[in-house]
Amino acid sequence: MLEIRDLRTSYGKIAALKGVALDIKDGGLTCLLGPNGAGKTTLIWTLAAILKAQSGSIRMDGEELIGAKPHQIVSKGIVTVPENRLVFPEMSVTDNLFAGAFSRRADKIAVAQDLEEVLQRFPRLRERANQDAGTLSGGEQQMLAVARALMARPKILLLDEPSTGLAPIIVEEIFEIIGALRDEGRTIFLVEQNANMALEYADDFYLLEQGLVTFGGKPGDVDHDELIQRAYLGTRKAS
Amino acid sequence: MVDFIQNTLDGIALGSAYALLALGFTLIFGVMGRLNIAYGPCIMIGVFAGAGVYSDLTQSIVMIFVATLAGTILASAYVERVSFAAIRADAALASMVSTFAVWMQLEEIVAHLFPARTYAFKELGHLSLIEAGPFFLRQESLFMLLVTLAVLLGLALVLGRSHFGLELRALTDSRRAAIISGINVRRIIFLTFLLAAMIGGVAGFMIAMSDGQVTPKFGLWATMKGLVAMVIGGLASLRGAVLGGMLLGIIEAQAQWYFGASVREILVYAILFAALILLPRGILGGPHTVWRS
């Protein structure tokens with residue numbers, strides 16, 4: 001369980017997160033919706049400790065994570081699949097996957113086992129195991145980014161806009177993978193603009209608008225159309 | 001034609017030293033996206049440490065080598081702490097200016113400790129030539145080539161097989177992806193500085209041995225040669241660094257033979273200008289090598 005309370009992050013003088021509070025429950029898919037510029041990616045980067053929080057708290061099972069370094073966050077099991085994939089373009093697919101296991105280098109046998117498991121889950125990556133990651137298609141790179149994160153044996157998987165820039169048919173494929181991960185009982189925090197798709201798979205959702213969580217609940221709780229509209233456009237235009 | 005081939009042979013030997021210097025620059029540039037101008041002066045500290053041991057303590061070639069390596073590593077660790085670790089990642093210019101300041105400091109330290117400026121270094125000795133038909137290879141050239149090959153082989157093993165090597169390559173490829181994947185970036189940067197220092201120390205040692213002396217100008221010389229070779233070969237490409245070093249050595253040797261020593265440097269820098277204009281990313285610099293996030 002990840003508890004986020006009163007989290008504030010800013011870029012210089014511009015506040016991006018203005019006191020965000022939400023829970024990511026174990027063994028479920030929590031989804032964060034919101035229009036462009038609401039602060040969704042800022043929240044992910046703050047959770048990953050790449051951006052420094054100004055104040056507030058991020059607790060995993062009671063342990064405070066604010067102040068930890070990015071590599072320590074990964075070691076604790078909070079692993080990010082960043083927006084726009086961010087693979088290592090000039091390294092082979094296999095090396096990209098090994099790179100995901102940096103935090104557990106000592107455990108060579110387990111890493112090798114996990115590599116086999118991940119390649120079984122993503123047969124397309126096995127086909128391209130020796131290819132440079134930069135030569136993969138967008139969808140394949142997204143799969144690689146997810147696979148790389150799995151190599152870290154995450155307790156919580158943070159997915160930042162996995163559908164960005166992908167063709168609709170590929171988006172469906174990616175969401176099927178996310179759904180399968182959820183069904184295995186993994187804890188997933190999904191940040192998505194594609195609200196329709198995300199709500200199909202979410203157990204809980206929050207709506208982030210202008211740096212604040214304005215709404216939260218279960219997908220069935222609310223009027224679907226209004227939520228979608230607010231997720232894409234924000235409150236002002238919806239009202 | 002015989003002259004041309006002979007010059008090429010000589011150039012490759014000289015170029016192998018340049019290649020090592022370029023590799024040091026490239027490794028550091030790769031993980032940091034910043035230039036360490038003080039790389040040459042760090043090696044100068046090393047060769048003066050070696051010269052000091054040679055003149056005051058012992059003739060032992062092993063001890064002189066150890067002193068050269070240790071001096072280079074210590075100076076590099078100092079540069080990394082002061083000019084890179086202590087300065088924010090997004091302040092590249094501040095880092096570069098800081099390395100200039102460290103450079104001046106290192107030169108002053110040497111000037112105080114070694115007031116005579118030029119000091120003898122253990123010489124390899126001008127031994128017999130190895131001849132093959134009309135061509136010959138000096139033994140010191142062969143020595144440089146073999147040492148360079150050994151370093152390249154070792155480096156390939158470290159980068160290709162070790163965990164540190166994978167982390168270094170990952171950080172060079174994409175800093176953001178490396179952070180996301182849980183790499184301890186600061187640790188890898190520090191280790192990369194040490195690796196570059198070891199390569200520089202070996203290069204400095206073999207250059208000083210073949211010259212038989214060291215001067216405080218060594219720092220400037222090493223930085224210039226390494227930088228030029230790196231830019232010709234390709235920024236952030238290790239193969240490019242080796243190629244650039246070899247090319248620079250060959251061009252210098254040809255220029256020296258056909259036009260004389262005074263024209264050599266002018267020609268070399270003209271070639272650098274041409275390389276910067278025609279191939280701003282160097283010969284082997286790929287599309288990713290200039291892009292940094």
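In the predicted model, Gln193(A) touches Gly34(A), Asn36(A), Lys40(A), Glu161(A) and Tyr232(A), when residues up to four places away in sequence are not counted. Gln193(A) itself is placed in the loop between E8 and helix H8 (195-201) of chain A, and the side chain of Gln193(A) makes a polar contact with the side chain of Asn36(A) at 2.8 Å. Two of the residues touched by Gln193(A), namely Lys40(A) and Glu161(A), are also joined to one another by a salt bridge, in which the closest N and O atoms are 3.6 Å apart. This pair links distant parts of the chain, with Glu161(A) in the loop between E7 and H7 of chain A and Lys40(A) in helix H1 of chain A, 121 residues apart. Over all chains, the structure holds 22 salt bridges.

The strands of chain A include an open sheet of six, with mixed pairing and the order E6-E7-E8-E3-E9-E10. Its edges are formed by strand E6 (78-81) and strand E10 (212-217) of chain A, each of which pairs on one side only, and the twist from one strand to the next averages 20°. Within this sheet, strand E3 (residues 29-33) and strand E9 (residues 204-209) of chain A run parallel and are joined by four bridges, with Asp204(A) in E9(A) as the bridge partner of Thr30(A). Helix H1 (residues 40-47) of chain A packs on the sheet, where it touches E3, E6, strand E7 (156-160), strand E8 (187-191) and E9 of chain A, and the direction of this helix makes about 145° with that of E7(A). Helix H7 (residues 168-183) of chain A likewise packs on the sheet, touching E3, E7 and E8 of chain A, and its direction makes about 150° with that of E8(A).

An open sheet of four strands, with antiparallel pairing, is also present in chain A and has the order E2-E1-E4-E5. The edge strands here are E2 and strand E5 (63-64) of chain A, each pairing on one side only. Strand E1 (residues 2-11) and strand E2 (residues 14-24) of chain A pair in the antiparallel sense over eight bridges, and Ser10(A) stands opposite Ala15(A) in E2(A). The hairpin of E1(A) and E2(A) has two residues between the strands, and in this hairpin Gly12(A) takes a positive phi near 60°.

In chain B, the axes of helix H1 (residues 2-32) and H6(B) come within 6 Å and cross at roughly 65°. At this crossing, Leu27(B), Gly30(B) and Val31(B) in H1(B) meet Leu168(B), Leu171(B) and Thr172(B) in H6(B). The residues of the contact of H1(B) with H6(B) divide into four nonpolar, two polar and no charged.

The contact of the two chains takes 20 residues from chain A and 19 residues from chain B. The area buried between the chains is about 2000 Å², and carbon and sulfur atoms give 68% of this area. On the side of chain B, Asp173(B), Ile180(B) and Ser181(B) lose the most area to chain A, together accounting for 32% of what that side buries. The rule finds one salt bridge across the interface, formed by Asp95(A) with Arg169(B), whose closest N and O atoms are 2.9 Å apart. The elements that give two or more residues to the side of chain B touching chain A are helix H6 (163-173) and helix H7 (175-180) of chain B, and H6(B) gives the most, with six residues. The residues on this side of chain B divide into seven nonpolar, seven polar and five charged.

Terms used. Residues numbered from 1 in each chain as written. Chains lettered and ligands numbered in written order. Predicted model: local features only at pLDDT ≥ 70, side-chain atom pairs only at ≥ 80, totals over all residues. Heavy atoms only, no water. Contact = heavy atoms within 4.5 Å. Buried area = accessible area lost by both parts, 1.4 Å probe. Salt bridge = Lys/Arg side-chain N within 4 Å of Asp/Glu carboxyl O. Nonpolar A, V, L, I, M, F, W, Y, C, P; charged D, E, K, R; others polar. Pairing = 2+ DSSP bridges. Axes fitted to C-alpha atoms, helices over the stretch in contact; angles between N-to-C directions. Polar contact = N/O pair within 3.5 Å; in protein donor to acceptor, adjacent residues only side chain to side chain.
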